[in-house]
Amino acid sequence: MIEGDRQPLSAHKTVELVCRATGSRPPAVISWWKGTSKLKALKDNISVDGNVTTSIITMTPSSEDNGKHLSCRAENPLIAGSAIEYGWKLEVHYIPQLTLRLGSKLRHSHIQEGNDVYLDCSIIASPWVSEIGWRFGGKELHTNTSAGIIVSNQSLVLQKVQRTSRGHYTCVASNSEGEGESNVVQLRVQCKLFMIIDKR
């Protein structure tokens with residue numbers, strides 16, 4: 001069995017795990033598995049009486065390990081089919097991963113003054129985020145209906161954009177692991193041209 005409680009792990013933080021097998025003659029051979037991938041043990045120990053085999057691994061999980069099955073397998077090397085396996089599904093916590101995009105029907109090259117612009121923030125996180133925010137030019141952005149700015153959780157609406165709307169936008173989110181920030185979307189606004197005819 002794997003010793004210790006099944007606590008969530010934090011991405012990029014190394015943990016030491018211990019598996020112990022008893023009652024095998026000769027001593028059990030222990031192997032570690034993450035999904036279908038075999039892991040390399042840090043060290044294996046056999047008790048003086050040969051009754052207990054202990055295997056230790058160190059592991060630095062990543063966000064991709066969330067949901068994968070971790071197990072240790074003990075087997076008597078002289079008895080075919082004697083393997084006993086113990087494990088659980090990994091729960092790995094990590095800083096939110098965010099992706100910011102223009103609304104699906106918008107293209108950078110076709111945004112003109114007076115258009116409405118939508119920005120969508122996609123979030124992958126474990127545990128789920130407790131707070132979501134928006135930044136414009138590195139500064140916090142809040143709902144301001146008189147200025148045509150509407151912040152709605154994972155969406156940002158800019159109504160009737162002007163030249164002052166040009167710049168860098170990001171979305172941010174935080175959970176118990178920390179704060180994550182998205183890629184930068186640079187908003188370019190094409191200005192309308194005015195022609196003045198001077199009648200003399």
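Close-up 1. S126 belongs to strand β10, strands being DSSP runs of E with at least two residues, numbered from the N terminus. With a relative accessibility of 10%, S126 is buried (under 20% relative accessible area; exposed is over 50%, partly exposed in between; 1.4 Å probe, protein chains only). Leaving aside residues up to four places away in sequence, S126 is in contact with N66, V92, H93, Y94, N175 and E177 (heavy atoms within 4.5 Å).

**Close-up 2. The largest nonpolar core, with 22 residues.** A nonpolar core is a set of buried Ala, Val, Leu, Ile, Met, Phe, Trp, Tyr and Cys residues joined through side-chain atoms within 4.5 Å. Residues with the most contacts inside this core include L100, L119, W134 and Y169. Two or more residues each come from β9 (92–102), β10 (117–126), β14 (155–158), β15 (167–175) and β17 (185–187); β10 gives the most, with 5 residues. A second, separate core of 18 residues includes I57, L70, C72 and Y94.

**Close-up 3. V184 in the loop between β16 (178–181) and β17.** V184 is partly exposed, at 48% relative accessible area. Not counting residues up to four places away in sequence, V184 touches H168, Y169 and T170.

Residues are numbered from 1 along each chain as its sequence is written, and side-chain values use heavy atoms, without hydrogens and water. For this predicted model, local features need pLDDT of at least 70 and side-chain atom pairs count only at pLDDT 80 or more, whereas totals for chains, interfaces and linings use all residues.

Definitions and conventions: Helices (H or I, at least four residues) and strands (E, at least two) are DSSP runs, numbered from the N terminus.
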